[in-house]
Structures are given as C-alpha cells and as structure tokens.
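Here is a short briefing for a first look at this structure. Keep the sequence and the 3D view at hand while you read.

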Amino acid sequence: MKYYPVVVLSDIHLGSEYSKIKEVSAFLSAIRCDVLILNGDIIDGWQLQKSSRHWSHEHTYFFKVLMHLMEEGNTRIIYVRGNHDDFLDKLLPFRFSNIVLVKEYMLESCGRSYYVTHGDIFDTVTVRMRWLARLGDCGYSLLLLLNKYYNRYRMRRGKSYYSFSAKVKHKIKRAVSYISDFENQLVELAKIKSADGVICGHIHHAANRFYGDIHYLNSGDWVESMTALVQDTEGNWEILEYADFMKCEYSQIVVA
C-alpha cells in the first residue's frame, strides 16, 4: 500500500448520484496515511434533502474504509465541514477517538503551516443568497447528467473516462474569472492567518501553485475530476489523479 503522511480529499458529495463513491473507496483502500483531511462537502446534505434513494451500501462501505484506516492504520481524520454538509454545524467542534469535526483547521507539517478551509466562506452566492446557490446546484446537476451520458457513449467505444462537465466549466470566461478571484482571496486569508499556505476545495478545480510566498492547494473533487492532494515524507505536495494512480498501482502488482 502506498504511504503518504498527509492526504486531502474534498467534494465527494455522498448522496448525489454523480458521486464517484466506488473510486474514492478504492483509492482509500490502496493507501496508508497518518492524517486524512476530508475538506468539506463529503456528504451532500442538499441532495439528501431532495431524496435519499442514492444512498446505497457503497456509501456505507466508504465509512467502513474510514474506520479501517483509523483502527488499523491509526489514521487521524480531520473533517472540515463545507456548504453542502453544513447540517454538521450543530455538532461543531466535535472530537471522538481519531476523528475531529471542525469549521477550519491549521495543519502543521514538515515545518510549514497550512490553513485548511473548504472555501465556501468566500462564495458570496453560497453565503448570502442560498436560494440562488441551490438554483445553481440544479444547473450543475444538469451539466453532470450530460457528463454521465457522454461517458457512457465513450465507454461503448472503449474510451477512458473524460470529464466533459469540467472541460465546459473551464472554458467559460466567467467561471475562469471566478476561480482566479477565489484563489486570490484565499491567498490573502492565508497571509492574515500567518500561514505558509492554504488548502481548500469547493470549486472542483485541483491546483498546486504558489502566489508569491503563499502555497495555494486545492484538492479538486470526486464528482468530475477524481483527484486528491498528497504530501510525501519530504513535505512535497502532489495532485493525484485517480486513473493514473490506479494504473501505477496495478502495474506494480503485475510486476511483483
């Protein structure tokens, strides 16, 4: 099993029919880590309010995988709540055994400090205009539905998964501008917190870049891109894409 001191996942959206629950469970089953940060929107409370029919044994299995990491690997889990799992607010802060539920977190690792937040605090639509955020969520669901059928078409032709929805979003000028503003605001917050970097999620856009001296990291999502942030023993951060990671793991098994 691949070992990383720190692993960060966000935006799994359990309860949504578009959540890549099988893939994220397979990924977690293939690694060991000291700290696992679940950085918001792990459970999609908005979708579960509409219907619980998308909750299956696969979702329950995901939590069994987490329990295995805690019990067998002594993994410490930091769950930072997001906007889709804001129903957890009444419980925060909460600590039980190796799991902690918080609104924000300061990660100290390899001599550097990282301010960890889901990122929705800088989304004025989410914070101040909840009804509009839910309307946007419906539009996003439509885009994911198109993504679903497009990939069925690709699979029938023997082609690999391709995030059509992510590609569309990143081609829209307004979306690109929003991502840029989002990153800049979080970098400024990291400076205020006297942190060396910031780790977030929320916008489903994985990133690993520097803004001056501030290290900006976004773990992406498990709805479209299926990405994770990992830190190695030297303190270096990397974005892992699920397909590439599993190919590497499979090839190592074959060689062995």
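Predicted model: local features only at pLDDT ≥ 70, side-chain atom pairs only at ≥ 80, totals over all residues.

**Charged pairs**

- The structure holds 6 salt bridges.
- Glu 188 forms a salt bridge with Lys 191, and their closest N and O atoms are 3.3 Å apart.
- Both residues lie in helix H7 (residues 173–192), where Lys 191 and Glu 188 are 3 residues apart, about one turn of the helix.
- Lys 191 is partly exposed, at 45% relative accessibility.
- Salt bridges with shared partners join Arg 81, Asp 89 and Asp 120 into one network.
- Within it, Arg 81 and Asp 120 form a salt bridge, with 3.4 Å between the closest N and O atoms.
- Arg 81 sits in the loop between strand S3 (76–80) and S4, while Asp 120 sits in the loop between S7 and helix H4 (124–128), so this pair ties together parts 39 residues apart in sequence.
- Arg 81 counts as buried because its relative accessibility of 15% is under 20%.
- Asp 120 is buried as well, at 7%.
- Another salt bridge links Lys 22 and Glu 58, whose closest N and O atoms are 3.6 Å apart.
- Lys 22 belongs to helix H1 (residues 21–29) and Glu 58 to helix H3 (residues 57–72), so the pair ties together parts 36 residues apart in sequence.
- Lys 22 is exposed, with 55% relative accessibility, whereas Glu 58 is partly exposed, with 24%.

**The sheet**

- An open sheet has 5 strands in the order S6-S7-S8-S10-S9, and its pairing is mixed.
- Strand S6 (105–109) and strand S9 (207–211) are the edge strands, and each pairs on one side only.
- On average, neighbouring strands of this sheet are turned by 20 degrees against each other, direction ignored.
- S6 pairs with S7 in the antiparallel sense over 5 bridges.
- Met 106 has Tyr 115 in S7 as its bridge partner.
- S9 and strand S10 (residues 214–218) run antiparallel and are joined by 5 bridges.
- Phe 210 stands opposite His 215 in S10.
- The hairpin of S9 and S10 has 2 residues between the strands, and Gly 212 takes a positive phi near 65 degrees there.

**Aromatic rings**

- The count comes to 6 aromatic pairs.
- One of them joins Phe 62 and Phe 63 edge-to-face, with 5.3 Å centre to centre and 80 degrees between the planes.
- Phe 62 is buried at 0% relative accessible area, whereas Phe 63 is partly exposed at 28%.
- Tyr 114 and Trp 237 also form an edge-to-face pair, with ring centres 5.6 Å apart and planes at 70 degrees.
- Tyr 114 lies in strand S7 (residues 112–116) and Trp 237 in strand S12 (residues 237–241), so their pair ties together parts 123 residues apart in sequence.
- Tyr 114 is buried at 1% relative accessibility, and Trp 237 is buried at 8%.
- Phe 27, Trp 222, Tyr 242 and Phe 245 form one aromatic cluster.

**Surface patch**

- Leu 91, Phe 94 and Phe 96 form a nonpolar patch on the surface, with about 320 Å² of accessible area together.
- Phe 96 lies in strand S4 (residues 94–96).
- Phe 96 is exposed, with a relative accessibility of 57%.

Conventions:
Residues numbered from 1 in each chain as written. Heavy atoms only, no water. Phe/Tyr/Trp six-rings, centres within 6.5 Å; stacked < 30°, edge-to-face > 60°. Buried < 20%, exposed > 50% of the residue type's maximum accessible area, 1.4 Å probe, protein only. Helix = DSSP H or I, 4+ residues; strand = E, 2+ residues; numbered from the N terminus. Patch = residues over 30% accessible without salt bridge, like charges linked within 9 Å, V, L, I, M, F, W, Y side chains within 5 Å. Areas by Shrake-Rupley, 256 points an atom, 1.4 Å probe, with all protein chains shown as cover. Salt bridge = Lys/Arg side-chain N within 4 Å of Asp/Glu carboxyl O. Pairing = 2+ DSSP bridges. Axes fitted to C-alpha atoms, helices over the stretch in contact; angles between N-to-C directions.
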